[in-house]
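Visitor: I am new here and would like to know how the terms are decided. Could you take me through them?

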Amino acid sequence: AGLSYLQSVTRRVALGVEGMLNRPNEHQQDTSFSLVSRYIFGDVSSRTGFVATPPNPAIQNAEAQEKQMTGQPPTEETNPSLTVTLQNSGIANVSYFHPLNQRADLGAELQMIVGGATGPPGMGMAMGGGMGGKLSQSRRESLLTVGGRFAFRQAMVRVQADSLGKVSSVLEEHLSPGFSLILSGELDHLRSQSKFGVGLHLEI
């Protein structure tokens with residue numbers, strides 16, 4: 001179970017908190033919480049009012065897919081933003097999101113262990129896909145990940161690379177309403193390994 005809240009305190013600054021409760025069985029329980037802050041760059045004169053909670057990703061994805069099928073550009077945040085997250089497990093995340101236009105976004109994330117903890121996979125970005133690898137528990141480490149998302153008339157391309165030498169990409173082709181073909185690949189330069197995947201997405 002989880003609960004999150006994000007409150008805009010000014011037109012540029014938002015602060016929030018998130019708590020998670022994981023109870024796999026009656027004898028084991030794990031709780032965690034995170035503090036979040038976000039800063040919006042650029043012109044914020046058109047931002048009327050404050051957003052108390054973040055938008056629903058499922059609704060955003062559905063609207064974006066519908067617009068792609070009709071050739072319309074997705075309607076999303078147009079201002080660059082910087083987000084800082086600090087978890088009680090000792091993991092800090094600093095992420096930067098920069099929309100180039102209505103069809104292209106760029107982003108970067110720096111994940112750091114500031115205390116004794118094991119880092120989880122990197123962000124789910126604003127870019128639609130998980131970024132980053134896994135940090136070690138034995139020593140303080142950091143991981144830098146950069147990526148981009150590019151929307152076409154009937155396709156979406158996501159690419160990313162990190163400081164561990166991993167490069168990956170995902171192509172989602174919308175063949176018809178509710179039906180998509182997904183191609184993905186990953187190249188690990190340090191381990192000299194590669195992966196390739198094919199998938200189908202069907203909405204009923």
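Guide: A hairpin joins β2 to β3 through two residues, strands being DSSP runs (E, at least two residues) numbered from the N terminus. This is a predicted model, where local features need pLDDT of at least 70, side-chain atom pairs count only at pLDDT 80 or more, and totals for chains, interfaces and linings use all residues. Residues are numbered from 1 along each chain as its sequence is written, and side-chain values use heavy atoms, leaving out hydrogens and water.

Visitor: How do you know that β2 and β3 pair?

Guide: Two strands pair if DSSP finds at least two bridges between them. Strand β2 (residues 13-25) and strand β3 (residues 28-40) have eleven bridges, in the antiparallel sense, so they pair. Leu15 stands opposite Ser37 in β3.

Visitor: What does Ser37 stand opposite in β4?

Guide: Val84. Strand β4 (residues 81-87) runs antiparallel to β3, joined by seven bridges.

Visitor: Why is Val114 called partly exposed?

Guide: Buried means under 20% relative accessible area and exposed means over 50%, with partly exposed in between (1.4 Å probe, protein chains only). Val114 has 44%, so it is partly exposed. Val114 lies in the loop between β6 (104-113) and β7 (142-151).

How values were computed. Helices (H or I, at least four residues) and strands (E, at least two) are DSSP runs, numbered from the N terminus.
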